[in-house]
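Student: Could you walk me through this protein, one piece at a time? I'd like to ask as we go.

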Amino acid sequence: MVVEDGRTTRMMLKSAVERLGHECQTAADGSEAWDLFRTQGADVIISDWLMPGIEGPELCRLVRAHPGPYTYFVLLTAFGDRSHALEGMQAGADDYLSKTLDVDDLNLRLIAADRVSGLHKRLAEQDARLRALAEVDQLTQLANRHKSTEMLTHLLGLARRQHVPFSLVVVDVDHFKQVNDRFGHATGDEVLRRLGVTLRCSFRDEDVVARWGGEEFVVGMYGMGTGDGVTRLYRVLETVRHESFTAPDGTDFGVTFSAGVAEFPRNGIDLQSLYRSADAALYGAKDAGRARVFAAQTNSVTLAA
């Protein structure tokens with residue numbers, strides 16, 4: 001994008017940029033440029049310094065504060081005006097260009113812009129991959145404990161403000177150690193992966209489904225009470241009962257899970273107390289013979305107004 005209040009200079013720069021093989025939009029002042037940038041973005045901005053409304057350095061500061069892909073910013077300066085160039089760099093500009101336009105100088109800036117933009121793109125992609133590693137369980141592709149705790153806390157806060165129920169479920173695969181011991185850890189991983197897919201497909205997009213480690217999964221259901229939660233989990237359990245797994249030696253086998261369901265605020269008023277209630281219900285289901293979904297016992301809690 002070329003930003004220049006002088007029409008002749010603006011058209012000369014636009015023509016030069018296009019001759020060098022780049023698409024170019026123009027703006028007659030900083031305010032128009034800022035509106036264009038917010039709606040359409042720009043890989044490179046070449047901006048005059050003194051303009052009506054938003055001047056070049058202030059436009060640069062606005063662009064730097066705006067989220068999104070990196071934009072290479074070049075300020076136009078008077079010939080030899082290094083003090084302005086330094087001030088522009090302090091405002092966040094990447095380079096400066098003399099108004100006595102030299103096409104080779106312009107091309108050098110555009111080449112540098114392309115390289116810097118490519119570097120920022122690679123860094124952004126790397127950051128996204130690292131963020132995914134930090135938030136996603138790599139085996140099941142579900143949210144991990146750290147990320148899901150943040151999501152569950154948000155839903156719990158929303159339930160508190162809106163005075164609606166929220167159910168937390170703890171799911172644990174029955175006799176999972178036997179699966180690993182008999183068929184190997186690769187087969188155990190396949191059981192967990194497929195259970196993760198089944199759980200994710202069995203709940204709403206707004207529900208939180210996560211793996212908290214080992215064979216334990218957690219589900220958070222906003223706006224759903226214990227009764228509906230238990231019914232939903234029994235449906236999932238029936239789906240899992242009918243799934244067949246094949247071990248490396250060709251043996252077909254099945255698995256089940258046990259689960260405990262706790263409801264806010266009946267069984268706890270924060271994530272920790274809800275988890276303890278759901279976990280206690282889970283162990284009750286295990287003690288009763290497994291392949292069961294138990295509701296937590298009602299706790300006496302007081303919810304602040």
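Tutor: Let us begin with a term: helices (H or I, at least four residues) and strands (E, at least two) are DSSP runs, numbered from the N terminus. This is a predicted model, in which local features need pLDDT of at least 70 and side-chain atom pairs count only at pLDDT 80 or more, while totals for chains, interfaces and linings use all residues. Residues are numbered from 1 along each chain as its sequence is written, and side-chain values use heavy atoms, with hydrogens and water left out.

Student: Why would residues a few places apart point the same way?

Tutor: An α-helix has 3.6 residues a turn, so residues three or four places apart point the same way.

Student: What about α2, which residues are buried there?

Tutor: In helix α2 (residues 30–40), the buried ones are G30, A33, W34, L36 and F37. They cover an arc of only 165° around the axis, which puts them on the same side of α2. What covers them includes β1, β2, β3 and α3.

Student: Changing topic: what order do the strands of the open sheet have?

Tutor: The open sheet of five strands has the order β2-β1-β3-β4-β5, with parallel pairing, and two strands pair if DSSP finds at least two bridges between them. β2 (26–27) and β5 (95–98) stand at the edges with a single partner strand each, so one side of each is left without a neighbour in the sheet. Helix α3 (residues 56–65) packs on this sheet and touches β1, β3 (44–47) and β4 (72–77), contact meaning heavy atoms within 4.5 Å. The direction of α3 makes about 175° with that of β4; axes are lines fitted to C-alpha atoms, for helices over the stretch in contact, and angles run from 0 to 180 degrees between N-to-C directions.

Student: Which residue is the bridge partner of V2 in β2?

Tutor: That partner is T26, and β1 (residues 2–3) and β2 pair in the parallel sense over two bridges.

Student: How many disulfides does the structure hold?

Tutor: It holds zero disulfides, a disulfide being a pair of cysteine sulfur atoms within 2.5 Å. The sulfur of C24 is 17 Å from the closest cysteine sulfur, in C60, which is too far for a bond.

Student: Is C60 buried or exposed?

Tutor: C60 counts as buried, at 0% relative accessibility, and C24 also counts as buried, at 13%.

Student: Last one: how many bridges join β7 to β8?

Tutor: Five bridges join β7 to strand β8 (residues 216–222), and the two run antiparallel. V208 stands opposite G220 in β8. Strand β7 (residues 208–213) is mostly covered, with five of its six residues buried. The hairpin of β7 and β8 has two residues between the strands, and G214 takes a positive phi near 55° there.

How values were computed:
Buried means under 20% relative accessible area, exposed over 50%, partly exposed in between (1.4 Å probe, protein chains only). The arc is that of the directions from the helix axis to the C-beta atoms.
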